[in-house]
Amino acid sequence: MLAYRLIFLLIVPLIVITPNITFAMHIMEGYLPPFWAISWFIITLPFIIKGFYNVKKIVKSEPNKKMFLAIVAAFVFVLSALKLPSITGSCSHPTGVGLGAVLFGPTVMSFLGLIVLLFQALLLAHGGITTLGANTFSMAVIGPVVAYGVYKLGKKSGLKNSVAVFLGAALGDLSTYVVTSIQLALAHPDPTGGILASLVKFMSIFAITQIPLAIVEGIFTVIVFNLLTQYKFEGGFLNESDN
Amino acid sequence: MKVTTKNLILLFIGILVVLLPMILNGNAEFGGADGMAEVVINKVSPDYKPWFEPFWEPPSSEIESMLFAIQASIGTGIIAYIMGYLKGKKNSAYNR
């Protein structure tokens, strides 16, 4: 107990003194109270399990799509490493989950997104272990679900393939940061204005910053999507409109 | 329009969207959005102390940017490798 206290006494001033150099756009380690940290883990778990089985199914029954699984995972890797400037004068990064959601469905990206977030939390101090559930929920559950839904809806209403992909990826990206704002507001309500007041504050930071980045993410996703559709006979995808 | 032309135009627009904030808002700091979120959290609940620390943090922003560069290049490498493989496969199928 004493040792624990000593460590605590050593660490806290260190945290205060050291300038914060790690700028992560996910919720930072330790910034969600235990109740919320655990709740988001529980809510996210079913999507991860479903995603894991879907990935396994694809690898087993359609082995020529394994390469495309690798591409969509690598795409998340690349885009979430790109911190881009935004009109608000701060930086954030795209998520890259839209491409995979459009090609493989949302839960596959829940599983792949978790792996990327875990990597960043452990090796880059970007995001965190305690906030992994919440960050996975925003980036790898809601983001892909919105991307997939918007893409399908766009196709149904007769939009061109590339336009539907653009809208799906851009809105999926934006929704991730709206959810991040909601998660932070729920955990840190404003003492006078409550959850809503603090939601407005977090939204103005995360969501507004994200608007131009969402556009960039949409554009980059369409570029890779265009390239992939060139190779649809090499084990790639036959989209409904391409047949 | 050829796919390559289309993609080049898209890439150009993408780069423009990235550059625009720096041209329009040149004096800004361009710090991380999460750093700003931290400020808000401290304002909203001043008593809140993060209850968990990362096991390891990159010792400097230089090392952090190296790690991010590695992350991006691993991803790009995988994508480029597979794209090249597919292109070769497609070409050899046509030339048979």
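1. Confidence of the prediction. For the complex, the predictor reports an ipTM of 0.86 and a pTM of 0.85. The average pLDDT is 85 in chain A, where 86% of the residues score at least 70. One stretch of chain A calls for caution: across residues 10–24 the pLDDT falls below 50, and in the model this stretch has 20 contacts beyond near neighbours in sequence. In chain B the average pLDDT is 84, and 98% of the residues score at least 70. Among the elements of chain B, helix 1 has the highest mean pLDDT, at 90, while strand 1 has the lowest, at 74.

2. Architecture of chain A. This chain contains 8 helices and 2 strands. Read from the N terminus, its elements follow the order α-α-α-β-β-α-α-α-α-α. Chain A has 243 residues, of which 56% count as buried.

3. Domains of chain B. The assignment divides chain B into domain 1, residues 1–52, and domain 2, residues 55–96. A distance of 23 Å separates the C-alpha centres of these two domains.

4. Helix 3 of chain B. Does the end-to-end distance of this helix agree or disagree with its number of residues? It agrees, because 34 residues at 1.5 Å a residue should span 50 Å, and the end C-alpha atoms of helix 3 of chain B are 49 Å apart. Four residues of this helix, Gln71(B), Gly75(B), Ile79(B) and Leu86(B), are buried. Helix 3 of chain A, residues 66–79, is included in what covers the buried residues of helix 3 of chain B.

5. The contact between the chains. In the model, 56 residues of chain A are in contact with 54 residues of chain B. On the chain B side, at least two residues each come from helix 1 (3–24), strand 1 (31–32), helix 2 (33–44) and helix 3 (61–94). Which of these elements gives the most? It is helix 3 of chain B, with 16 residues. Sorted by class, the side of chain B that touches chain A comprises 33 nonpolar, 12 polar and 9 charged residues.

6. A sheet built from both chains. Strands of a sheet pair through backbone hydrogen bonds, in either a parallel or an antiparallel sense. Here, an open sheet of 3 strands runs in the order 1(A)-2(A)-1(B), and its pairing is mixed.

7. The pairing across the chains. Strand 2 of chain A, residues 90–92, pairs with strand 1 of chain B in the parallel sense, over 2 bridges.

Key: Residues are numbered from 1 along each chain as its sequence is written. Chains are lettered from A and ligands numbered from 1 in the order in which they are written. This is a predicted model: local features need pLDDT of at least 70, side-chain atom pairs count only at pLDDT 80 or more; totals for chains, interfaces and linings use all residues. Two residues are in contact if their C-beta atoms, placed from the backbone, lie within 7 Å. Ala, Val, Leu, Ile, Met, Phe, Trp, Tyr, Cys and Pro count as nonpolar, Asp, Glu, Lys and Arg as charged, and the others, Gly among them, as polar. Two strands pair if DSSP finds at least two bridges between them. A residue is buried if 20 or more other C-beta atoms lie within 10 Å of its own, exposed if 12 or fewer, and partly exposed in between; C-beta atoms are placed from the backbone. pLDDT is the predictor's confidence in each residue, from 0 to 100. Domain bounds come from an automatic or database domain assignment. The expected span of a helix is 1.5 Å times one less than its number of residues.
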